[in-house]
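Reader: Hey, I've just opened this one and could use a guide. Can you walk me through it?

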Amino acid sequence: VQLQASGGGLLQAGGSLRVSCAASGRLFSSHIMGWFRQAPGKEREFVAAIRWGRGSTYYADSVKGRFTVSRDTAKNTVYLHMNNLKPDDTAVYYCARGNSLGYAPADYNVWGAGTLVTVSS
């Protein structure tokens, strides 16, 4: 499986953006698709995840209520809908596939190239 994230951009605080992650190859119901982000000088951190089969979702406290993760199984694509963006959300956003739910980068074994989201104040 290969993952390709897209949809990043530059926007003002309070705005909304949707980033996408297209997967080539088959995804199984047990797979977890996660979103992580890495800001300059900081470690990569968990943002959200979705269980491919059931669609169960999981969020970091910092984005709960503002971000929504979803998937389109027909398109083999995962989305991260981001609302009420803040300058602290500025980061490169990565999608990744894991075999079980985890909140650390090491829990995911397939990564895509990131997409940059920049939020100005």
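Reader: Let's start in β9. Which residue there is the bridge partner of Trp35?
Author: That's Cys95. Keep in mind that this is a predicted model, so everything here is computed from it.

Reader: OK. And how many bridges join β4 to β9?
Author: Seven, and the two strands run antiparallel. β4 covers residues 32-38.

Reader: Who else does β9 pair with?
Author: Strand β11, residues 115-120, is joined to β9 by three bridges, again antiparallel. Val92 stands opposite Leu116 of β11 there. Strand β10, residues 108-111, also has three antiparallel bridges to β9. In that pairing Arg97 faces Val110 of β10.

Reader: How many residues of β9 are buried?
Author: Seven of the eight, so the strand is largely enclosed by the rest of the structure.

Reader: Back to Cys95. What does a disulfide join Cys95 to?
Author: To Cys21, with 2.1 Å from S to S. The structure holds one disulfide, and this is that bond.

Reader: Remind me, what is a disulfide?
Author: A covalent bond between the sulfur atoms of two cysteines.

Reader: Is this one right-handed or left-handed?
Author: Right-handed, because the torsion about the S-S bond of Cys21 and Cys95 is about 65°.

Reader: And where do Cys21 and Cys95 lie?
Author: Cys21 is in strand β3 (residues 17-24) and Cys95 is in β9 (residues 91-98), so the bond ties together parts 74 residues apart in sequence.

Reader: Are those cysteines buried or exposed?
Author: Cys21 is buried, at a relative accessible area of 1%. Cys95 is buried too, with 1% relative accessibility.

Reader: Switching to the core. Which residues of the largest nonpolar core touch the most other members?
Author: Trp35, Leu80 and Tyr93, out of 35 residues in that core.

Reader: Which strand gives the most to this core?
Author: Strand β5, residues 45-51, which puts in five residues.

Reader: Tell me about Tyr93. What does Tyr93 touch?
Author: Leaving out residues up to four places away in sequence, the contacts of Tyr93 include Trp35, Phe36, Leu80, Met82 and Val117. Ala5, Arg37 and Phe67 are also among them.

Reader: Are Phe36 and Phe46 buried or exposed?
Author: Phe36 is buried, with a relative accessible area of 0%. Phe46 is buried as well, and its value is 10%.

Reader: And how do the rings of Phe36 and Tyr108 sit?
Author: Their centres are 5.1 Å apart and the planes are at 75°, so this pair is edge-to-face. Here the parts tied together are 72 residues apart in sequence, because Phe36 lies in β4 and Tyr108 in β10. Tyr108 is buried, and so is Phe36.

Reader: Which residues form one aromatic cluster with Phe36?
Author: Phe46, Tyr94, Tyr103, Tyr108 and Trp111.

Reader: New topic: β11. Where do the side chains of β11 point?
Author: They alternate along the strand. Thr115, Val117 and Val119 point to one face and are buried.

Reader: In which sense do β2 and β11 pair, parallel or antiparallel?
Author: Parallel, over four bridges, with β2 covering residues 9-12. Gln12 has Ser120 of β11 as its bridge partner.

Reader: Last one. Which strands form the open sheet, and in what order?
Author: Four strands, in the order β1-β3-β8-β7, with antiparallel pairing. β1 (2-6) and β7 (67-72) are the edge strands, each pairing on one side only. On average, neighbouring strands of this sheet are turned by 15° against each other, direction ignored.

Reader: How many bridges join β1 to β3?
Author: Five, and these two run antiparallel. Leu3, for instance, has Ala23 of β3 as its bridge partner.

Methods: Residues numbered from 1 in each chain as written. Predicted model: local features only at pLDDT ≥ 70, side-chain atom pairs only at ≥ 80, totals over all residues. Heavy atoms only, no water. Disulfide = S-S within 2.5 Å. Buried < 20%, exposed > 50% of the residue type's maximum accessible area, 1.4 Å probe, protein only. Core = buried A, V, L, I, M, F, W, Y, C linked by side-chain atoms within 4.5 Å. Contact = heavy atoms within 4.5 Å. Pairing = 2+ DSSP bridges. Axes fitted to C-alpha atoms, helices over the stretch in contact; angles between N-to-C directions. Phe/Tyr/Trp six-rings, centres within 6.5 Å; stacked < 30°, edge-to-face > 60°.
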